[in-house]
Amino acid sequence: MSDYKSDLVRTLVERGYYNDATNLEGLDKAAQDGVVTAYIGFDATASSLHVGSLVQIMMLRRIQQAGHKPIILMGGGTTKIGDPSGKDKTRSMLDDAAIAANIEGILKPFRPLMTIGDGPTDALVVNNDEWLSGFGYLEFLRKFGPHFTINRMMTFDSVKLRLEREQPLTFLEFNYMLLQAVDFLELNRRYGCTLQLGGGDQWGNIVNGVELCRRVDQKEVFGFTTPLITTASGAKMGKTAEGAVWLNDDLKSPYEYWQFWRNTEDADVGRFLRLFTDVELGEIARLEALEGAEINQAKIRLANEATTLLHGAEAARAAEQTAQQTFALGGAGAALPTIAFDGLETGEVTLMSLFIAAELAASNGELRRHVKAGAAKVNDQPLTDPYAKASADDLVDGAIKLSIGKKRHALAKPS
């Protein structure tokens with residue numbers, strides 16, 4: 001057990017969210033003395049967040065669970081610039097319509113994970129375009145330019161790493177950290193926000209905001225970062241060989257989401273239970289101590305808990321039943337990802353095109369390699385000729401089961 005007095009800081013530390021903070025003891029006292037308003041920013045660069053962002057969403061959930069107030073800051077303004085942190089190249093420019101559409105998609109997973117509304121600890125959704133787009137260029141420079149030095153900005157990893165790699169860093173991107181700092185100042189003035197949270201790669205941006213609030217308004221505010229979440233084998237969280245693990249169910253089905261957590265490496269089970277579920281710490285200690293085949297019980301618990309939080313208990317139950325039917329019983333569970341295809345019954349479609357449409361293979365060449373290795377199966381039988389046509393004879397209970405290896409499956413049904 002940690003020595004921190006507030007439920008908030010104790011939870012963040014004990015469950016593994018803590019990497020660095022500007023003044024953890026000061027934050028602990030502030031969280032004891034009253035309601036802390038805290039924010040995390042999310043730029044609208046895609047229509048959904050993926051699992052790599054889930055640790056940040058879960059931190060906002062912890063804020064609310066501890067009786068404090070979260071702010072979900074949508075980067076409608078900063079998306080127009082692009083955060084250089086952790087990036088090797090300049091992001092593409094999005095127009096206002098694309099940014100607005102992405103914001104709608106990004107907000108989707110927040111709704112089941114926290115209460116959004118007007119109550120004292122309800123989460124607020126705020127868009128930084130409200131203030132950033134209102135600044136004139138000269139006004140912005142005169143107000144905030146004197147508080148930043150190029151010398152200091154050059155020391156932050158988001159700038160330094162790009163320059164060390166001799167990769168272009170545009171003047172547009174160089175301004176990003178100023179905009180993020182101004183976000184903290186505005187949120188402090190408008191909503192009394194005193195805490196910014198983020199990933200470890202945001203440390204420089206967060207420190208800038210803390211210092212700007214102190215210099216301009218003589219306010220003490222706090223910064224808190226999480227460690228970079230990687231798997232035990234070193235892979236970046238949220239990315240798999242099949243692509244990003246999206247949080248929105250129109251991009252990644254609840255079954256596929258459940259299966260992602262079920263496939264967690266043994267060494268990661270306890271850590272992921274602490275970060276991504278509400279399971280009590282004592283129960284997590286019991287689960288992560290399981291050995292041999294019994295560790296699968298902990299993985300199923302992780303998959304069920306994580307899927308329930310995002311997609312609901314019924315989706316988690318359906319996913320577990322589908323996994324049992326698919327793996328243990330060799331069948332085709334109802335919740336498997338499904339594609340609808342014209343021409344399945346009339347011999348107009350190759351099996352290869354079905355595998356690619358189901359995203360089980362990215363190209364003809366990749367599927368041929370799977371066939372050669374014996375990993376591609378149709379209705380649990382090895383596929384020998386990927387150019388063979390599908391037919392009515394391949395339909396079992398109205399669908400064709402497609403498989404790559406033991407863990408990736410989909411159903412193809414007639415349109």
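Q: What makes a contact a salt bridge?
A: A salt bridge is a side-chain nitrogen of Lys or Arg within 4 Å of a carboxyl oxygen of Asp or Glu. This is a predicted model, in which local features need pLDDT of at least 70 and side-chain atom pairs count only at pLDDT 80 or more, while totals for chains, interfaces and linings use all residues. Residues are numbered from 1 along each chain as its sequence is written, and side-chain values use heavy atoms, with hydrogens and water left out.

Q: Why is the contact between Arg190 and Glu130 called a salt bridge?
A: The closest N and O atoms of Arg190 and Glu130 are 3.5 Å apart, and the limit is 4 Å, so the pair qualifies. Arg190 belongs to helix H11 (residues 176–191) and Glu130 to helix H6 (residues 129–132), so the bridge ties together parts 60 residues apart in sequence. Helices here are DSSP runs (H or I, at least four residues), numbered from the N terminus.

Q: Why is Arg61 called buried?
A: Buried means under 20% relative accessible area, exposed over 50%, and partly exposed in between (1.4 Å probe, protein chains only). Arg61 has 13% relative accessibility, and therefore counts as buried.

Q: What makes Asp33 exposed?
A: Its relative accessible area is 56%, and the threshold is over 50%, so Asp33 is exposed.

Terms used. Helices (H or I, at least four residues) and strands (E, at least two) are DSSP runs, numbered from the N terminus.
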